[in-house]
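Hello,

Here is the structure I promised to pass on to you. Have a look at it first, and then read my notes below.

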Amino acid sequence: MAVKETPTTQITELAEQLALRSALQNITNRIHAAQNLRQILVDLKEGILSLFKANSITIYVADAVRNEIYSMFLAGTKLNEIRLPINSKSIAGYVASTRKCVNVADAYNAAELRSIDPQLRFDERWDKKTGFRTAQILALPVVYEDNLMGVVQIINRKGGGKFSNEERTFLEEIADVLGIAFYNQQKAARRRKTRFDYLVARGFITEADLEASWNEARKAGDSMENFLMKKFKISKEDVGKSLEDFFQCKFIPFSDKIPVPEDLCRVLRQEYLRKELWVPLEKTGDRISVLVDDPNNILKRDMIETLLKTKRIEYNVSLKEDIVKFINYFYRIDDAQESIAEILGRLDLGDEADADEEEIVSESDSVIMQLVNKIINDAYLSRASDIHIEPNTKKKTLDVRFRVDGDCVRYQSVPYSYRAATVSRIKIMSNLDITERRLPQDGKIRFRRPGAEEIELRVATVPTQGGVEDVVMRILAKGETMTLEQMSMSPSNYRNFLNTLEKPYGIVLVVGPTGSGKTTTLHAALHHINTPDTKIWTAEDPVEITQEGLRQVQVNPKIGFDFSHAMRAFLRADPDVIMVGEMRDYETAKIGVEASLTGHLVFSTLHTNSAPETIVRLLDMGIDPFNFADSLLGVLAQRLVRTLCRRCKEEYKPSREEFDDIVMNYGESLFPELNVDFDKLKLYRPKGCPDCNQTGFRGRMSVHELLIATDVIKRMVARKDPVEQLRAQAVKEGMRTLLQDGIYKVVTGETDFKQVIAVCMR
């Protein structure tokens with residue numbers, strides 16, 4: 001028997017409906033009053049969500065150029081984007097492609113998704129990254145005048161079960177409001193018509209900031225793009241998206257992974273391209289891809305089409321500086337072999353030269369100067385980290401090798417008669433004593449590449465058997481700071497490391513051998529927390545990576561200014577965060593621990609093999625175990641492994657023996673967490689192509705071991721428990737060893753098992 005509604009119940013329901021309608025009207029007014037997309041997607045999101053009995057809401061905007069939908073979210077104070085292709089591989093992408101509503105009770109129920117569309121899939125990546133579990137989803141297209149404007153999606157209905165028809169109707173009203181608002185935003189952007197409207201629409205800068213920046217950039221003699229990146233800390237990626245949005249074409253930043261278009265470059269002069277700021281990228285069939293600073297410049301397009309003798313040209317946009325880098329890169333690689341051959345030809349003395357005789361050229365000879373400059377320049381273009389100059393007393397040659405992606409490769413052999421002149425030339429460039437050949441010496445070279453940026457090299461000379469000297473030059477990286485997203489961390493390591501960085505004080509250590517990328521990781525961490533309201537001091541030897549917003553100090557042990565002295569100075573200079581290059585001694589470690597206990601976040605590095613060993617090493621130095629236990633937040637150990645060349649890597653089915661070896665090294669009890677089995681597993685191996693110099697590998701990536709200082713770990717540190725017990729407890733709490741993280745990256749197809757075994761102890 002139905003319960004009859006009382007007048008009081010009816011009045012209450014009516015009051016609730018009126019309150020809901022009032023809230024809807026309020027949020028509608030706020031949506032229409034929004035000055036940019038960021039206010040709708042980020043600032044007003046919670047207000048819209050409050051109208052529904054749901055846990056989460058995501059509002060996507062359509063990007064017609066990329067055939068994607070995107071949304072924005074805040075990670076701390078940083079604005080990030082999430083993008084999805086418009087296809088059936090995600091629910092929101094499916095809604096955008098079909099313009100149909102989707103209402104499911106369980107996003108992980110494949111059968112329920114297939115009943116809607118056989119191709120429909122749920123994209124689990126966000127859940128894996130955040131630890132969130134999606135269940136119910138109600139998603140609707142946002143449309144205005146039959147044009148797709150975006151998608152609105154609410155997730156996880158409070159109380160369970162599918163979202164009701166009433167909730168769907170209410171969300172349709174919100175979608176209509178959003179459609180009008182997105183259209184008005186687009187119309188306003190079309191009225192402004194500058195190449196930076198995207199940045200204004202998304203709240204990176206205000207219109208007033210943009211107007212003021214035109215004059216400021218002109219006065220500073222800088223390009224507008226560079227000025228905005230420096231002043232407002234806008235990433236190159238976001239500037240690129242703004243250029244894409246304005247020019248309606250693809251943005252391509254500089255990359256040395258793009259093959260040299262030799263046939264196209266051969267018919268064009270380097271000086272002309274640099275002056276006109278365009279460069280051909282590749283030819284596919286009868287279509288040519290070209291990079292230009294202003295794709296809307298009709299006169300420039302006519303000139304390009306005339307020179308390339310075709311109108312079938314695909315125009316892409318890039319920054320002026322990146323176009324110049326492409327030009328320099330393409331033309332130096334094209335001429336490199338001929339240039340080095342010419343220089344060596346001028347050095348060759350034929351049969352008249354006796355390798356054991358006194359050399360007949362000096363370090364000031366122009367050919368020797370050209371030779372050394374060419375070696376350094378070619379090493380840089382080859383992505384080498386080190387240059388080895390090695391006199392071979394048996395073969396009577398001067399061998400030159402480059403270290404590329406961790407491996408030494410032969411570059412060239414120079415006549416033995418020129419060994420001393422070559423070494424002396426390098427000594428002069430690095431301000432070393434050319435008369436002293438019995439003692440090792442250290443120095444630096446600041447080398448300006450022709451028409452390009454300056455690079456710095458750290459130089460070490462070592463006297464070797466036979467009365468000769470070896471020289472090793474380390475090319476110091478001066479590139480852009482990598483972000484944590486680019487550090488190849490597994491989802492759990494990435495999530496846990498971010499949580500560590502959010503702590504207000506404590507000590508974070510990054511450990512590994514020389515050349516394992518510790519400084520790069522530390523700077524990525526600093527980049528994540530580098531905000532205008534945070535004071536960050538760093539003490540480094542040397543300062544290899546620079547970041548705006550950091551106060552960076554070069555230590556100089558020769559005058560007594562070491563890491564411990566720098567840290568004492570920092571503590572008097574009002575720091576929030578301190579980064580010290582290395583904890584080499586008890587004094588530096590002690591001050592670091594004390595600083596972390598007095599309200600500072602401290603970062604540093606050590607040369608240790610694993611995360612648990614680091615704790616024991618510091619305790620063995622004499623650090624107070626109770627203070628260290630209180631201050632420790634986490635230890636990240638890492639190594640670098642060579643990555644398979646993406647262009648030529650070859651898929652294969654591993655043998656049973658190889659599979660069993662992988663399982664044994666990962667740990668039989670833990671291997672199921674990788675969710676792979678022998679029948680379905682596909683691995684990749686190196687093959688070789690011109691892109692990777694026939695090695696099958698190009699570039700390197702990190703493997704990590706992250707020990708988080710939980711309460712149990714802290715108690716073990718205070719008790720000075722042995723390293724085996726620390727490791728066992730950390731693994732029990734979720735830490736994965738370097739070897740296990742490496743195997744995870746083998747299974748995901750980024751490297752191969754041999755490379756992982758080569759750098760990780762079994």
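This is a predicted model: local features need pLDDT of at least 70, side-chain atom pairs count only at pLDDT 80 or more; totals for chains, interfaces and linings use all residues.

Strand 24 itself covers residues 697-708 and is mostly covered, with 10 of its 12 residues buried.

Strand 15 (residues 468-476) is worth a visit too. With strand 10 (residues 384-392) it pairs in the antiparallel sense over 4 bridges, and there Ile389 stands opposite Val471 of strand 15. Strand 14 (residues 454-464) is also an antiparallel partner of strand 15, over 9 bridges; Glu456 has Leu476 as its bridge partner. Strands 14 and 15 form a hairpin with 3 residues between them, and Gly466 in the turn has a positive phi of about 100 degrees.

Now for the whole protein. It has 28 helices and 24 strands. Its radius of gyration is 30 Å, close to the 27 Å that the globule rule gives for 762 residues, so the protein is as compact as a globular protein of that length. The C-alpha trace spans about 115 × 75 × 60 Å along its principal axes.

Of the 762 residues, 50% count as buried. The accessible surface comes to about 37,500 Å², and carbon and sulfur atoms hold 49% of that. As for charge, the protein has 107 positive and 112 negative charges, and their mean positions are 2 Å apart.

Enjoy exploring it!

Best wishes

Technical notes:
Residues are numbered from 1 along each chain as its sequence is written. Side-chain values use heavy atoms; hydrogens and water are left out. Buried means under 20% relative accessible area, exposed over 50%, partly exposed in between (1.4 Å probe, protein chains only). Helices (H or I, at least four residues) and strands (E, at least two) are DSSP runs, numbered from the N terminus. Two strands pair if DSSP finds at least two bridges between them. The radius of gyration is taken over C-alpha atoms; the globule rule is 2.2 Å times the number of residues to the power 0.38. Accessible areas come from the Shrake-Rupley method with a 1.4 Å probe; for residues, only the protein chains shown count as cover. Lys and Arg count as positive and Asp and Glu as negative; His and the chain ends are not counted. The place of a charge is taken as NZ of Lys, CZ of Arg, CG of Asp or CD of Glu.
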